[in-house]
Amino acid sequence: MGTDIHAPLGQDRKARPQPAGPSRFSAGTVVFALSVAGLLGFSAWTAMAPSGLITTPLPAPAEEAAGKNQTTDKADQKVAVAKERVPRTSGLSGARVEETLTDDGNVVRTYKPGGRTGSGPLIIEAGGVGQDSRTAAFPNEDLLEDTSDGKIPVIGLDGTRPMDQYARPWSGARGTRIAIVVGGLGLSQTGTQRAIRELPGEVTLAFAASGNSLPRWMQEARRDGHEILLQVPFEPFDYPENDPGPHTLRTDLGDAKNLAELHRAMAKTTNYTGIVNFMGGRFLSDADALEPVMRDVASRGLLFLDDGSSAQSLSGTIAGAVEAPHAFADLQLDADLSRESVLKKLDELERIARRNGTAIGIASAFDESVDAIREWCEEAGGRGIEIVGVASLADIPAKQ
């Protein structure tokens with residue numbers, strides 16, 4: 001044969017030695033002959049083809065690609081329009097939901113099947129636990145109830161609780177877990193802004209119900225990944241000498257007024273997973289006053305965090321009785337307000353967590369506390385500690 005057609009690119013094929021043989025034709029001669037024969041055959045066929053059979057020239061490669069792109073774009077537009085026209089609804093659309101208030105104050109919901117209105121395809125959106133970070137600053141309207149005070153939390157008709165919807169996701173690993181709650185936000189613009197900006201998103205933030213611009217601060221905190229709580233004032237033993245602030249829940253107000261104050265506080269903002277007390281030694285030790293509040297908090301799908309400041313608190317006992325999600329702070333981190341002292345308390349919190357598996361620490365949004373917590377959290381991950389939202393550590397009593 002003639003030239004080696006497998007010669008590497010750039011190599012002079014003519015310079016390669018030719019094997020001896022009887023053939024009188026080179027590869028180039030064969031290719032030329034086949035090309036001429038093919039051209040003559042195609043010309044003869046076109047000459048004999050019926051009139052009009054070959055009338056449209058084949059498109060050039062660039063024109064063909066452009067045509068395909070136009071077709072694809074039109075198809076994508078049709079799909080987008082179709083998706084836009086398909087209605088969306090929740091899984092309970094068409095169902096008849098009836099609520100009955102029992103003598104003991106519980107609400108019984110009955111679900112009955114019903115027909116959906118309209119015809120054609122329908123996209124049914126299923127609810128889930130947690131919230132997409134891109135929409136975390138916006139409340140789920142299905143979990144809000146309109147009242148004279150504003151919108152307050154409620155369990156959705158599909159059973160979704162605010163404490164699940166707004167909880168910060170965590171790894172699910174059963175290692176050492178610590179929740180750190182920083183309270184008092186909303187009272188000082190500078191302090192609130194600094195805490196939201198500097199504390200890592202794993203830290204839970206508690207907003208005072210008497211604070212200012214809470215919806216604005218809530219949105220900033222949620223966009224930065226924080227789980228949030230609502231801090232409600234409760235009556236201390238030395239009230240009114242020691243006054244937690246306006247709308248304090250008190251043992252002498254009665255159930256109706258205390259619940260009214262609670263709902264007024266709840267309406268200050270949205271997207272929180274639960275309630276945490278501010279002060280409240282006397283109120284938390286009074287079972288008659290505390291029980292209706294704990295029952296209402298639980299019925300709205302919220303957790304109750306006891307800040308651990310009162311040794312006589314009955315919140316854990318009552319939470320078990322009314323099946324309320326409950327958590328208890330193990331340590332006050334900044335009773336002694338200095339960076340070094342807060343760091344020591346955080347180390348103590350770590351020892352508790354390693355012994356028990358989990359621990360909760362609580363502090364206020366002072367500069368010293370924020371600095372120490374930020375520094376400690378930056379190093380905790382390297383020691384195998386996961387900082388989680390407080391909702392993931394709430395104890396949910398089993399139903400009897």
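This is a predicted model: local features need pLDDT of at least 70, side-chain atom pairs count only at pLDDT 80 or more; totals for chains, interfaces and linings use all residues.
Me: Which helix does the chain pass through between E13 and E14, and what is the hand of the crossover?
Reply: The path leads from E13 through helix H10, residues 339–356, to E14, and this β-α-β crossover is right-handed. That name is given because the path from the first strand over the helix to the second runs clockwise when the strands point away from the viewer.

Me: What else pairs with E14, and how do you know?
Reply: Strand E7 does: seven bridges join E7 to E14, and the two run parallel. The cut-off is at least two bridges, so this counts as pairing. Within this pair, Gly183 stands opposite Ser364 in E14.

Me: Is E7, residues 176–185, mostly covered or mostly open, and how do you know?
Reply: Mostly covered, as nine of its ten residues are buried.

Me: How many bridges let E7 count as paired with strands E15 and E8?
Reply: E7 pairs with E15, residues 385–387, over three bridges in the parallel sense, and Thr176 stands opposite Ile385 there. With E8, residues 204–208, E7 also has three bridges in the parallel sense, and Leu185 stands opposite Phe207. From E7 the chain crosses through helix H4, residues 189–198, to E8, and this β-α-β crossover is right-handed.

Me: What do the buried residues of H4 pack against?
Reply: Gly191, Thr192, Arg194, Ala195 and Ile196 are buried in H4. The buried residues of this helix pack against E7, E8, helix H5 and helix H11.

Me: Why is Val293 called buried?
Reply: Val293 has a relative accessibility of 1%. Val293 is found in helix H8, residues 287–299.

Me: What does Val293 touch, leaving aside its neighbours within four places in sequence?
Reply: Its contacts are Phe234, Leu249, Leu259, Leu262 and Phe283. A contact here needs heavy atoms within 4.5 Å. Val293 and Leu262 are 31 residues apart along the chain, and their C-alpha atoms are separated by 7.8 Å.

Me: Why does Thr160 count as buried too?
Reply: Its relative accessible area is 17%. The cut-off is under 20%, so Thr160 passes. Thr160 is placed in the loop between strand E6 and helix H3.

Me: What makes the link between Thr160 and Asp158 a polar contact?
Reply: The side chains of Thr160 and Asp158 are joined at 3.1 Å. A polar contact takes a pair of N or O atoms within 3.5 Å, one able to donate a hydrogen and the other to accept it. Leaving aside neighbours within four places in sequence, Thr160 is also in contact with Leu143, Ile155 and Gln165.

Notes:
Residues are numbered from 1 along each chain as its sequence is written. Side-chain values use heavy atoms; hydrogens and water are left out. Buried means under 20% relative accessible area, exposed over 50%, partly exposed in between (1.4 Å probe, protein chains only). Helices (H or I, at least four residues) and strands (E, at least two) are DSSP runs, numbered from the N terminus.
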